[in-house]
Amino acid sequence: MIAAMLRPLAVFQLRAYYDRAPSTMSAASHDAQRLATLGVAMTVVATLIFLLVVGIIGFGLWRRRNSPDALDSPADVRTPVDVSENWWILGGGLAMPVVVLAGVFLMTLSTMRAYRPAPAGAPEILVIGHQWWWEVRYPNDTVITANELHLPVGRAVHLELRSADVIHSFWAPNLEGKTDVIPGQQNEMVLRADSAGVYRAECAEYCGRQHANMALSIVAEAPADYQRWLSSTKAVAAAPANDTARAGLAVFMSHSCAFCHSIRGTPATGSFGPDLTHLGSRSTLAGGALPNTVGYLAGWISNADRLKPGTKMPASPMDGASLQAVVRYLEGLK
Ligand code: CUA
């Protein structure tokens, strides 16, 4: 009951983390701007054709009603074929679609031509889709994180997209189009943010029960901040700062947590779930489904399934003191 009430609250709180609505109409990159322009152009063309067709139908109905030889029943079909009616069918049914579709095709080609490959030396980032979270690894796996991707603003990065289980799709609507993430195949994508900010990316291919809760924050920041983030995320986990945190680490190691999660610098080296080495510095939990706060983290550890039904994270029942200690420890992992 309480968990059911918490979900909409979490969604509301999470809005504050993103600088823009995740919409293709709110472009924050050159490519996204081209896609948005193409989208508007196609919508305008489709609207004009719709209005034209509706207008012609309306005119036909009006003319028929007002013509002196109006037909009363559908059986009274006029038999002699008027040549001008053939022209309507040829023009409206063949010529016009060919012209319109060719125009749209050319617009699409010109948009695709603007898509540039990653320049030499662009940062390489490996993104792995899991049910239902994103793993993010930087070169040589020196930096491993989850559900958060940092990149320097104004600079293209090269993404390698892989899946650990089923087909997902990586979509950052403010920055780029969609690219499928397919098991056994490596897809590639160039991502570039032209204005700094935190953007929401999400899975755009139905991948199971929690498909809707498979989001990723994209943090586009000044190059100096990006470098600072890289070096702090590369570091192993901070040692527990006090007795509560020390007890928390012991709880983490003695419960099943360490089988699935890694905390670099500790004996926890599981690889099934997200790397938690710097969990405290991340803004969300559970694939972007929950804000990363002490309360949500405690609820997530005790019974994750109540907050994200179907999640692979098992419940870890423990007494209040242990829960408090492990939450303190994890939140301290900045
Ligand atoms: Cu992953 Cu939908």
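Predicted model: local features only at pLDDT ≥ 70, side-chain atom pairs only at ≥ 80, totals over all residues.
Residues are numbered from 1 along each chain as its sequence is written, and side-chain values use heavy atoms, with hydrogens and water left out. Local features need pLDDT of at least 70 and side-chain atom pairs count only at pLDDT 80 or more, while totals for chains, interfaces and linings use all residues.

The chain is divided into domain 1 (30-113) and domain 2 (243-331), with bounds that come from an automatic or database domain assignment. The centres of these two domains, taken over C-alpha atoms, are separated by 58 Å.

An open sheet of mixed pairing is formed by five strands in the order β4-β10-β9-β6-β7. Strands here are DSSP runs of E with at least two residues, helices are runs of H or I with at least four, both numbered from the N terminus, and two strands pair if DSSP finds at least two bridges between them. Because β4 (148-152) and β7 (179-181) stand at the edges with a single partner strand each, one side of each is left without a neighbour in the sheet. Neighbouring strands of this sheet are turned against each other by 25 degrees on average, direction ignored; axes are lines fitted to C-alpha atoms, for helices over the stretch in contact, and angles run from 0 to 180 degrees between N-to-C directions.

Strand β10 (residues 215-221) pairs with β4 in the parallel sense over five bridges, and Ile218 in β10 is the bridge partner of Leu149. Helix α4 (residues 223-234) packs on the sheet and touches β4 and β10, its direction making about 135 degrees with that of β4; contact means heavy atoms within 4.5 Å.

Ser217 also lies in strand β10 and, at 1% relative accessibility, counts as buried, a term for under 20% relative accessible area, against over 50% for exposed and partly exposed in between (1.4 Å probe, protein chains only). Leaving aside residues up to four places away in sequence, the residues that Ser217 touches include Tyr18, Leu149 and Thr284.

| Lysine | Ring | Distance to ring centre |
|---|---|---|
| Lys178 | Trp171 | 4.6 Å |
| Lys312 | Trp132 | 5.1 Å |

Key. Lys NZ or Arg CZ within 6 Å of the ring centre and 35° of its normal.
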